[in-house]
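Visitor: I'm new here and would like to know what the labels mean. Could you take me through it?

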Amino acid sequence: MLKPYGDRVVIELVQDAPTTRGGIVLPDSAKEKPVRGKVVAVGQGKTLDNGTRVPVEVKEGDVVVFAKYGGTTLEIEGTEYTILNERDILAIVE
Amino acid sequence: MLKPYGDRVVIELVQDAPTTRGGIVLPDSAKEKPVRGKVVAVGQGKTLDNGTRVPVEVKEGDVVVFAKYGGTTLEIEGTEYTILNERDILAIVE
Amino acid sequence: MLKPYGDRVVIELVQDAPTTRGGIVLPDSAKEKPVRGKVVAVGQGKTLDNGTRVPVEVKEGDVVVFAKYGGTTLEIEGTEYTILNERDILAIVE
Amino acid sequence: MLKPYGDRVVIELVQDAPTTRGGIVLPDSAKEKPVRGKVVAVGQGKTLDNGTRVPVEVKEGDVVVFAKYGGTTLEIEGTEYTILNERDILAIVE
Amino acid sequence: MLKPYGDRVVIELVQDAPTTRGGIVLPDSAKEKPVRGKVVAVGQGKTLDNGTRVPVEVKEGDVVVFAKYGGTTLEIEGTEYTILNERDILAIVE
Amino acid sequence: MLKPYGDRVVIELVQDAPTTRGGIVLPDSAKEKPVRGKVVAVGQGKTLDNGTRVPVEVKEGDVVVFAKYGGTTLEIEGTEYTILNERDILAIVE
Amino acid sequence: MLKPYGDRVVIELVQDAPTTRGGIVLPDSAKEKPVRGKVVAVGQGKTLDNGTRVPVEVKEGDVVVFAKYGGTTLEIEGTEYTILNERDILAIVE
């Protein structure tokens with residue numbers, strides 16, 4: 001498995017029908033297309049200039065909305081993952 | 001519902017006739033078109049370099065004016081929301 | 001009314017004949033056209049990296065010269081206002 | 001009169017024949033054309049990240065050399081002034 | 001051998017068939033093509049603004065995924081190495 | 001004379017035959033053409049974010065090599081001077 | 001001789017046949033062509049924002065690999081030197 005570096009997270013995309021009622025609809029016209037995904041691993045967090053570390057704000061299992069362009073995609077055993085910098089997460093779906 | 005990340009806020013657009021007397025008129029010619037919206041959720045705020053957190057300055061229910069280009073739009077159960085960084089809020093309507 | 005966010009201010013433009021003797025003449029050839037306006041509302045100021053806030057240096061009623069390109073214009077009840085970041089104010093007219 | 005904002009200064013241009021012997025000759029071929037001017041007003045200085053203020057290094061009456069492109073020009077009662085950020089001053093003429 | 005400077009690391013590329021089942025598949029269509037490699041040397045880490053050093057987060061022998069464009073490639077005795085800034089490492093393969 | 005501002009220095013160009021043996025030869029093909037000059041005046045130094053000042057590292061009389069593009073040239077009483085930011089000095093000739 | 005300024009170093013290029021076995025081969029196709037050189041002089045190091053100085057990490061005699069584009073080349077008594085910022089050193093050859 002992948003252990004993200006610093007303040008990065010690994011996310012598995014959530015595939016849902018774009019027009020499902022009650023779900024989040026992500027219009028094609030959006031400038032940055034936000035997508036949904038489940039957090040599967042988080043890094044140790046960012047090191048501040050004073051030397052302390054700030055833990056990543058999300059945890060494994062959280063479902064998040066993020067701007068896809070910010071991440072790097074790779075595939076492990078048939079599943080596609082996105083490695084994302086924490087700051088590219090827009091919101092947590094609750 | 002969405003819980004915004006860091007110093008982001010979720011805003012629901014307020015639709016009002018652009019020429020209503022007493023309202024805020026937003027001319028089409030404005031370089032950055034400001035729009036009005038109601039804050040429906042706020043993040044935990046920004047983490048400073050010394051490790052402390054600065055709470056977001058607006059709260060749920062506030063009506064704000066903001067530059068629309070700064071945000072990301074998505075739709076939940078038929079309602080359109082904008083996820084915005086706090087610093088893109090221009091003013092609170094009182 | 002509008003309450004500016006952070007270190008922003010709301011300014012009402014002052015219309016004066018561009019060649020009035022004794023007034024400030026703003027030549028069309030200036031690279032950034034500075035304009036005059038009256039401060040009608042100020043934000044709470046900028047938060048420094050150490051967490052303290054720096055109050056805005058101008059107050060309501062001050063007449064200021066600023067570079068217009070820096071602001072966002074909107075109209076409330078027939079009056080045009082500019083929302084400006086404090087750092088785009090060039091000088092106070094005394 | 002104008003009270004400059006933050007670390008800005010107001011400067012009145014000094015007109016001198018470009019080839020006067022003993023004066024400062026500013027060649028047309030210079031990439032950034034430096035000009036001479038007299039400081040007529042100074043701001044309160046820049047606020048550092050720790051909240052303290054650094055006074056402006058020049059005072060009223062000082063004659064300075066500066067890169068003209070950095071400033072904003074306006075005219076008051078027939079005299080042309082330049083509002084300049086302190087950091088665009090190159091040197092003080094003594 | 002090479003001793004990386006500051007927060008750099010030296011990485012030896014891991015050649016694996018791009019479609020091997022169970023391995024990491026790196027699609028050609030990825031915007032930044034991430035690649036796999038083994039860390040063979042690490043620098044002393046980055047010096048913070050307060051003068052302390054932050055050790056590099058990976059160690060010799062770690063297998064990492066990184067964006068290849070970030071590094072500089074050179075060859076020593078027939079083996080190709082990449083010198084990479086630590087922040088260009090995306091994740092550690094465990 | 002000129003008193004440089006902040007961390008600037010005033011430099012008088014040293015004219016030497018470009019092919020003199022024992023001297024420094026500055027090839028025309030260099031991307032940034034470094035030139036030689038004698039420091040004739042130094043500023044008070046840069047003010048750090050904590051409010052203290054760092055004195056300029058060179059002193060009057062030092063001969064330095066610098067990238068000419070970084071400076072502003074002006075002429076006083078027939079002599080050409082360059083006003084340079086301290087950080088554009090590459091080395092001191094000893 | 002040259003005394004480098006701040007966190008700069010002076011490097012004398014090491015000429016070696018690009019295909020020598022056991023040496024470092026620097027392929028022409030590399031995006032940034034790294035080259036080898038011997039450090040002949042080092043500056044006093046960089047001054048941090050808190051006013052302390054960080055000594056340069058290499059010392060005279062070290063052989064380093066660096067990206068040539070980062071430096072400035074000049075010739076002294078027939079020998080070509082490169083003045084380089086410390087951060088452009090990629091690794092030390094041991």
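Guide: Let's start with a term: buried means under 20% relative accessible area, exposed means over 50%, and partly exposed is in between (1.4 Å probe, protein chains only). This is a predicted model, where local features need pLDDT of at least 70, side-chain atom pairs count only at pLDDT 80 or more, and totals for chains, interfaces and linings use all residues. Residues are numbered from 1 along each chain as its sequence is written, chains are lettered from A in the order in which they are written, and side-chain values use heavy atoms, without hydrogens and water.

Visitor: What makes D62(E) and K59(E) a salt bridge?

Guide: That takes a side-chain nitrogen of Lys or Arg within 4 Å of a carboxyl oxygen of Asp or Glu. The closest N and O atoms of this pair are 3.1 Å apart, so it counts.

Visitor: And why is K59(E) called exposed?

Guide: K59(E) has 53% relative accessibility, and exposed means over 50%, so the label holds.

Visitor: How do you know that the pair R53(D) and E57(C) joins two chains?

Guide: These side chains meet in a salt bridge at 3.4 Å, N to O. R53(D) belongs to chain D and E57(C) to chain C, so the pair joins two chains.

Visitor: Why is R53(D) called partly exposed?

Guide: Its relative accessibility is 36%, which lies between the 20% and 50% cut-offs, so it is partly exposed.

Definitions and conventions: Helices (H or I, at least four residues) and strands (E, at least two) are DSSP runs, numbered from the N terminus.
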